[in-house]
Amino acid sequence: MWSGLTTEKPKKSIEQQKLKMPEKGQKKLMFEEDDLPYEEEILRNTYAVKCWLRYIEHKADGPPAALNLIYERSLKELPGSYKLWYNYLRIRRRQVKGRVITDPGYEDVNNAFERALVFMHKMPRIWLDYCQFLIDQCKVTRTRRTFDRALTALPITQHHRIWPVYLKFVRSHPLHETAVRAYRRYLKLCPENAEEYIEYLVSIDRLDEAGLRMADIVNQEDFVSKEGKSNHQLWHDLCKLICKNPTKVTSLKVDPIIRGGIKRFTDERGKLWCSLADFSIRSGHFEKARNVYEEAILTVTTVRDFTQVFDAYAQFEESMISAKMESDSTNDEDETDLELRMERFEELMNRRPLLLNSVLLRQNPHNVHEWLKRVKLYEGKSKEIVDTFTEAVQTVDPTLATGKLYMLWVEFAKFYENHKQMMEADVIFEKATKVGYIKVDDLAGVWCEWAEMALRHDDFNKALSLMRRATAAPSRKAAYHDKSEPVQNRVYKCLKVWSMYADLEESFGTFKTTKAVYDRIIDLRIATPQIIINFGMFLEENHYFEEAFKAYEKGIGLFKWPNVFDVWNMYLTKFIKRYGGKKLERARDLFEQCLEKCPAKFAKALYLLYAKLEEDHGLARHAMAVYDRATKAVLPEEQYEVYNIYIKRVAEVYGVTHTRPIYEKSIEVLAEDKSRDMCLRFADLERKLGEIDRARAVYAHCSQTCDPRTTAPFWQKWKEFEVQHGNEDTVREMLRIKRSVQATYNTQVNFMSAQMLAANKTPSGTVSDLGTGGLDDMKLLEQRAQAMAVEAEDDKPKLKKDILFVRGDASKEQLAEAARTANPEEINIGEDDDDESEDDVDEIQVQKKQVPSEVFGSLDKGESEDN
């Protein structure tokens, strides 16, 4: 079929088409040799875009007319190709770039865009390029209409690409009405961008509509600001806008808007009140602004808001006074007005402390401290003070009160007392005793203050009667800490009231009534150690000594350690002072009873008091026994001091020789540092007594706990002792002991190091051990113990054979050489020339000295009598 058609109408060759003359109204086609392959390809594939694009790419560097002609031919065949249209329009815009906008070429490009939009009206990129091209030509109306056509032609999902360019276009020209209408249309699509519209309205000074729009978005609870502003910040922006432009914003009712914000945003009331007053000032309504400030001062509840409002109010008054003073008019009416304003400003400044106090009371009307401060602010104004006290006692709730509520009633009564109105003061106190306080101490404070007021006016009987009323037992008894009962039923167990009652009875009552009060306190089991001591001293002052001791006994029965220490101390001191040695057995029983459960913390003072009693009125043997018990009963840190006292007393009574067992015991019991001091003192004692061997034994015993590296003073004293009282052998023995102790401490250090090294080493075992999954725990411990033992054995100091302390067959020279090699610090003492056998012993001449009689103490007298 197709072949037949081809035979009947053969295609014309390219040369024939080139020679054919163009018809009228058609463009003349001019081809070059390089174009022939592309033309043939187009003839074969007329509707292939790639073929046309290859042809266009070939002609890209050619004349613009030829390139445009190829685009036109391709678009005539493929009018629906977006790629061809987009590239064609881009080439056409590039061709006219840089020309004057009145050039006819611009209009040709516009026509090309119009032709393209016939087919490409759903392509936003074409519309955007066309609109931008028209914007560059400064054709405002045509551009606006083109934008409208684009919005009409494109689906709504593509409008977000058009609107930013459209809005930028309308903002760039001083056509405010056009821009406003465009924004209104835009906000129907994107209401969340209302802030941008408001910003534009403010910039063109259309503040009324800006205020309306801002009020709308503030009222929308679900509105989310694109600029990150909270609803609270938007409120402030609205208030700032309408308050600073009262003449331009007329469509909104400013007063309800700001008052609504004040109710809504309680933490920013100060700023909002200032904004409302500022609106009235800018509107010229100065009296209304003053009323707003007064209302704000009387309603704010925070100090910060009050400070903001008050400062703005004061600044407003100052500015009004300054404006009045700068005015040229000088008539009497203006001067009167100026004086009035000055007095009003001074009154405002004087009211500030009172207004601030009102703010704090609005914050917490149950703050007793602020009510008392308010009373002080009204100083000199009796009526206001009474009204303040009355309002305070009616307002403060005892369960919510901050501070001591009873002080409010007490100050109220003292106010009447200062004005010599005792009847009214008694009425206030009477009412105060019926208030439902939370704490019993508050009611007790009222009773005590009432009694003190009676004492200030020398009405002692009234004070005693008030205390009797306060301490009278109620019809239904209640526990002191039972909060379900009112405080009026529990105050009879309050120690504060009873203490004052006892003081009043001691001062103005009789012995019988005072004793009854103290007995009642003890019976109620509310006494303290101080009350017991006061009771005992009161009885002692009235010469009822046995009654005083009974009172102490009652107190001891009431309290336990450590609270009872003061009572015992006072009891024992007073008993010894009263009877001395007359009732020694009773005193001993008291001490034994006291010390039976006495904690170590309080034992020292009591044991010393007991020992002094035995020394003064008893037997020295008993006193020493008490001291011995004291060394075991006191705290470890107090044992050293007690041993010192014990040794001193034994030396005074029995002589220094009897202190040896005490020294020995103290050395065993005390800590190392204290034991070392005691050893030095013991050795010094033995040295003074001439017992050199005993002193040397004490030094040797003490040396086992003295590391030469840390206790050098001890070894220096021993060395001085040996140099003074010893010989070559004793010095050598001292040095040997020193080396032994040094080696012992070194071995301990090496033993700890061996433990650390053994813990870090990897344990080794036999093949059988590995086969069972590793070493057994016991085997591992045995290996470690063996390794530690070997290392300890290696670390022990090895004695050299040449160093000998017993003379043998060696010559003197060999012995001297061996001694020098063994110890370079050894004292070199000369030897006799004659050889001595091993059995020879050096004789030491001991010089006898007379022992002073004070050494033997009271024993010396007994021996002299026996002689």
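## A charged side chain to start with

Is Lys604 buried or exposed? In this predicted model, Lys604 is buried, because its relative accessible area is 18% and the cut-off for buried is under 20%. Its partner in a salt bridge is Glu641, with the closest N and O atoms 2.7 Å apart. This pair ties together distant parts of the chain: Lys604 sits in helix H32 (residues 600–617) and Glu641 in helix H34 (residues 636–653), 37 residues apart. Glu641 itself is partly exposed, at 40% relative accessible area.

## The overall picture

Now let's zoom out. The chain has 43 helices and zero strands. Of its 867 residues, 38% are buried. The chain exposes about 51,700 Å², and carbon and sulfur atoms supply 52% of that.

What about contacts along the chain? Take the ones between residues at least 6 apart in sequence: 53% of these join residues at least 24 apart.

The structure holds 44 salt bridges. One of them pairs Asp426 with Lys462, and here the closest N and O atoms are 2.7 Å apart. Asp426 belongs to helix H23 (residues 422–432) and Lys462 to helix H25 (residues 460–471), so this bridge also links distant parts of the chain, 36 residues apart. Asp426 counts as buried at 16% relative accessibility, while Lys462 counts as partly exposed at 23%.

Asp387 and Lys383 also meet in a salt bridge, at 3.2 Å from N to O. Both lie in helix H21 (residues 382–395), four residues apart, or about one turn of the helix. Asp387 is partly exposed at 39% relative accessibility, and Lys383 is exposed at 59%.

## A buried charge without a bridge

Which side chain of opposite charge is nearest to Asp442? That would be Lys439, 6.4 Å away. Asp442 is buried and has no salt bridge, because a bridge needs the nitrogen and oxygen within 4 Å. You'll find Asp442 in helix H24 (residues 440–456). Leaving out residues up to four places away in sequence, Asp442 touches Tyr406 and Tyr437.

## Charged patches on the surface

Lys439 turns up again on the surface, in a patch of positive charge with Lys404, Lys483 and Lys496. Lys496 is part of helix H26 (residues 495–508) and is partly exposed, at 39% relative accessibility.

There is a patch of negative charge too, where Asp332, Glu335, Glu339, Glu343 and Glu346 gather. Glu343 is in helix H19 (residues 332–363) and is exposed, with a relative accessible area of 53%.

Note on methods:
Residues are numbered from 1 along each chain as its sequence is written. This is a predicted model: local features need pLDDT of at least 70, side-chain atom pairs count only at pLDDT 80 or more; totals for chains, interfaces and linings use all residues. Side-chain values use heavy atoms; hydrogens and water are left out. Patches are made of residues with over 30% relative accessible area and no salt bridge: like charges are joined within 9 Å, nonpolar side chains (Val, Leu, Ile, Met, Phe, Trp, Tyr) within 5 Å. Accessible areas come from the Shrake-Rupley method with a 1.4 Å probe; for residues, only the protein chains shown count as cover. Lys and Arg count as positive and Asp and Glu as negative; His and the chain ends are not counted. The place of a charge is taken as NZ of Lys, CZ of Arg, CG of Asp or CD of Glu. Helices (H or I, at least four residues) and strands (E, at least two) are DSSP runs, numbered from the N terminus. Buried means under 20% relative accessible area, exposed over 50%, partly exposed in between (1.4 Å probe, protein chains only). Contact means heavy atoms within 4.5 Å.
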